[in-house]
Amino acid sequence: MRCFPGERMVTAVSNLVLEFCRLLVTDPDVADRFHMAAQELVENLVKYSSGEQVSLTAEVISEGGDAVLQLVAKNHSTEEQLQAVERKLRELTSASDPVEFYDRLIREAAPYAEGSGLGLARIRAEGEFDMDYTIDGTELTISVRASVHPPKA
Amino acid sequence: MDMLSIDEVNVESFQIKAAAEGERLNLRLSGTGDMVAVAHLKRCLEQARASLKSRIFTQLLVDIRALYLLNSSCIKTMVHFIYLNLEEGPGVPIEFVVDEKVTWQPRALAALKRLAPKHVTITSKAG
């Protein structure tokens, strides 16, 4: 799905992902985890995009005989924003304990009324997803994925 | 603003209802806790904190059973509220009520319990 980065689109897009997942997986808990991840990814797209369009792809791919459900978020950002997000993503994806990392961010953010900065860490800690990212020029791509069990046809 | 000094929130996608039950303040959240909801939740919790600080209430219950989604900005707003409750008072116990059949709800709030294990409890009830 490709659209303008508008606040009004966020929940509509994450709800579409939820419905998509419900068709593809037997466990409603897995669909809820992807719903949360989609919400956080699309909110990030809206908050940090400097381009006119952003995109979110939800797809099932086959990997070594396993079905893997994957969300891929793409947006363009300024160099300054990309440097900041790369620092965060490098730290996040290399953290050996995602829950401990998320809890640390929460403790650090707790005294401040504004800002969050918790969304991506939440995806790893609470969603238990694998996460990857690439930066190509001004384009940031973040992907999250998990093995799923599609319903039998 | 009603007698509880807490404004009811009733926008299209998000609602908060406040009610007194003895010395306990109950907040019932429903709808979608997304980017639209954050400012409303923040204002409500500021008003709730003022009521709690005035010692009108000694406990807070936050019922999220009717919530469809809770984003990280809403969680962060709750984190800040819990931080202020602990650091600046009044240090009241906070009970979150989740739907026993909705697995994402306790999972989303688990970080709040880890932040303040002595003050935050999570209770599962029928939706």
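Close-up 1. Arg122(A) is buried, at a relative accessible area of 2% (buried means under 20% relative accessible area, exposed over 50%, and partly exposed in between, with a 1.4 Å probe and protein chains only). This is a predicted model, in which local features need pLDDT of at least 70 and side-chain atom pairs count only at pLDDT 80 or more, while totals for chains, interfaces and linings use all residues. Residues are numbered from 1 along each chain as its sequence is written, chains are lettered from A and ligands numbered from 1 in the order in which they are written, and side-chain values use heavy atoms, leaving out hydrogens and water.

Glu126(A) counts as buried too, with 7% relative accessibility. Its side chain joins that of Arg122(A) in a salt bridge of 2.9 Å, N to O (a side-chain nitrogen of Lys or Arg within 4 Å of a carboxyl oxygen of Asp or Glu). Glu40(A) belongs with Arg122(A) and Glu126(A) in a network of salt bridges.

**Close-up 2. Arg145(A) meets Glu63(A).** Here the two side chains form a salt bridge at 2.7 Å, N to O. The pair links distant parts of chain A, 82 residues apart: Arg145(A) lies in strand 5 (residues 139–148) and Glu63(A) in strand 2 (residues 54–63) (strands are DSSP runs of E, at least two residues, numbered from the N terminus). Arg145(A) is partly exposed at 22%, and Glu63(A) is partly exposed at 34%.

**Close-up 3. Glu21(B) and Arg24(B) in chain B.** Their side chains meet in a salt bridge of 3.0 Å, N to O. Glu21(B) is partly exposed, at 44% relative accessible area, whereas Arg24(B) counts as buried at 18%.

Note on methods
Helix = DSSP H or I, 4+ residues; strand = E, 2+ residues; numbered from the N terminus.
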